[in-house]
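This report examines the protein chain shown below.

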Amino acid sequence: MTHDIVQKLWNFCNVLKDDGVTYHQYVTELTYILFLKMAEETGTEAQIPKGYRWADLEAKSAPERLEFYKIALIHLGSHGSSLVKEIFANASSFIKKPSTLSTLVSDIGKLDWYSARKEGLGDLYEGLLEKNASEVKSGAGQYFTVRALIDSMVHVMKPTLDDIIQDPAAGTCGFHIAANHYLRTHNDFDSLTEAKQKKYRSGTFCGMEHVQDTHRLALMNLMLHGIENGVRYGDTLSEDGAALPKATLILTNPPFGTKKGGGLPTRTDFTYPTSNKQFCFVQHIYRYLLPGGRAAVVLPDNVLFESGVGKDIRRDLMNKCNLHTILRLPTGIFYAQGVKTNVLFFTRGKTEKGNTKEVWVYDLRANMPQFGKRTPLTREHFSDFEKAYGNDPLGGPAALKKRKDTGESGRFRKFTREWIAGRDDSLDISWLKDDSAESSADLPEPAILAASAMEEMESIMEDLRGILTELEEEVEEVGV
């Protein structure tokens, strides 16, 4: 049933497209309207000022509705609960035709909300975000990590009710939602005292997102899953990030690339200044783990081998933390398909030196299918890795002793810290002959990247067409 409603919500995109609303703007626009409706469905309308609720929007006649809606967006940006004000901060509508909004309001009101409530409004919204991320033209893939990967990372990290869980590059809060699901599945929440439940809702999750529209979606996602105060609006690589609380568990997929303009982050507490975003995030993560805290972080290949400051940061990481496991991920699972990525699993030591004794590398990249829409990555693809990883989320010595080195023909191997030092501290370790790379020689990495660039260009063209339509209408209005 949830899938059916998600598809219906996504189909509303066609209504908005006809009004010049682009894919990029679509889910943000829909979130404003859905927030009002879902507040009614969940009985949380008290946080919305009277006169600006779903029933008020629905009660307006079709010609009046659009003007009322645009005024409401501005009003809600400065009135109501703190959550309402954050979701509607600087909000504006891209809808131009009154008939478009009336169609949306009418169609949303007709959805089977009883079934949606029963199955979970959070799952419904998460499904909509996933649908948006899979649509290349929306450009939302950069904020959305494949759910199968997130679930696997959460599974081996095994969150507990005592954890403080941070995501410094939160996106739409996929890691928080998955950790919340894991915790609710593995604990009896009904037996928790009211004080413990309140602490869980408002004190377990923290994070930061620096794109305001994405921050809105994150807040909506958390709210519908019963989580409060889980993500702040700000730049983790500025002093905003320095204000985040330290954590016992960090789960994240930070942005790749360099800081815009090539400048250094404004954070002053990094030992190794660099314009490379992922190296900055690595420093933030191991600095903001409490002693004994653990992390699972998605990072591109260059973090494993880059020289200069990159090597300094890797050494610092291996000194301060036990970097016990690296998972080499398949290609083609992110929006920029040529980007090669890994998950680094590490635990913050209680001392500042010599915490990494050995690094285990699991190669899930060699001889794997070319993942994409035709061959989606599923949780099943991670099952052997999860078994090989074991049941200790900290990767402690006793747990590492139970692991089996599968040798040169297998996917899981152990490398000592001394051996890594002899390679100039490069962690870019591979040993399997990759037959899949040879079989895909007709689509080399540059071609994959070119295809990704073309998809981005389509998204830009979509935005330009919307702007052109708007200009044409303005010209008609003034009679030029």
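## Overall architecture

The structure is a predicted model. Its protein chain contains 21 helices and nine strands. The chain has 480 residues, and 52% of them count as buried. Carbon and sulfur atoms contribute 52% of an accessible surface of about 21700 Å².

Among the contacts in the protein chain with a separation of 6 or more, 74% are between residues 24 or more positions apart.

## Packing of helix 2 against helix 4

Two packed helices are described by the angle between their axes and the distance between the axes. For helix 2 (residues 23-42) and helix 4 (residues 62-76), the angle is about 80° and the axes are 12 Å apart. Since angles of 65 to 115 degrees count as roughly perpendicular, helix 2 and helix 4 are therefore roughly perpendicular to each other.

Helix 2 contributes Glu29, Tyr32, Ile33 and Leu36 to the contact, while helix 4 contributes Tyr69, Leu73 and Leu76. By class, six of these residues are nonpolar, one is charged and none is polar. An α-helix has 3.6 residues a turn, so residues three or four places apart point the same way.

## Lysine 37 within helix 2

Helix 2 also holds lysine 37. Is this residue buried or exposed? With a relative accessible area of 6%, lysine 37 is buried, because the cut-off for this class is under 20%.

The side chain of lysine 37 forms a polar contact of 2.8 Å with the side chain of glutamate 40. Not counting residues up to four places away in sequence, lysine 37 touches Trp54, Ile108 and Trp113.

Helix 9 (residues 147-157) is mostly covered, with nine of its 11 residues buried. The buried residues are Arg147, Ala148, Leu149, Ile150, Ser152, Met153, Val154, Val156 and Met157.

Which elements do the buried residues of helix 9 pack against? The helices are helix 8 (121-134), helix 10 and helix 17 (383-389). The strands are strand 4 (247-252), strand 5 (289-300) and strand 7 (341-348). Lysine 158 follows helix 9 and has a positive phi, near 45°.

## Tyrosine 200 in helix 11

Tyrosine 200 belongs to helix 11 (residues 194-203). Its relative accessible area of 3% makes tyrosine 200 buried. Leaving aside neighbours within four places in sequence, tyrosine 200 is in contact with Leu161, Asn180, Leu183, Arg184, Phe189 and Phe205.

Tyrosine 200 and glutamate 228 are 28 residues apart along the chain, and their C-alpha atoms are separated by 9.0 Å.

## The loop between helix 19 and helix 20

Aspartate 424 is placed in the loop between helix 19 (417-421) and helix 20 (435-439), and aspartate 425 is found in this loop as well. Aspartate 424 is partly exposed at a relative accessible area of 43%, whereas aspartate 425 counts as buried at 3% relative accessibility.

The side chain of aspartate 425 has a polar contact of 2.4 Å with that of arginine 315 and another of 2.7 Å with that of arginine 417. Not counting residues up to four places away in sequence, aspartate 425 touches Leu304, Lys311, Arg314, Arg315, Met318, Arg417 and Ile420.

## Backbone positions with positive phi

Most residues other than glycine have a negative phi. Aspartate 424, although not a glycine, has a positive phi of about 60°. Cysteine 173, also a residue other than glycine, has a positive phi near 70°.

Cysteine 173 lies in the loop between strand 1 (165-167) and helix 10 (174-186). At 1% relative accessibility, cysteine 173 counts as buried, whereas aspartate 424 is partly exposed.

Methods
Residues are numbered from 1 along each chain as its sequence is written. Side-chain values use heavy atoms; hydrogens and water are left out. Helices (H or I, at least four residues) and strands (E, at least two) are DSSP runs, numbered from the N terminus. Buried means under 20% relative accessible area, exposed over 50%, partly exposed in between (1.4 Å probe, protein chains only). Contact means heavy atoms within 4.5 Å. Accessible areas come from the Shrake-Rupley method with a 1.4 Å probe; for residues, only the protein chains shown count as cover. Axes are lines fitted to C-alpha atoms, for helices over the stretch in contact, and angles run from 0 to 180 degrees between N-to-C directions. Angles under 35 degrees count as roughly parallel, over 145 as roughly antiparallel, 65 to 115 as roughly perpendicular and the rest as oblique. Ala, Val, Leu, Ile, Met, Phe, Trp, Tyr, Cys and Pro count as nonpolar, Asp, Glu, Lys and Arg as charged, and the others, Gly among them, as polar. A polar contact is a pair of N or O atoms within 3.5 Å; within protein, one must be able to donate a hydrogen and the other to accept it, and residues adjacent in sequence count only if both atoms are side-chain atoms.
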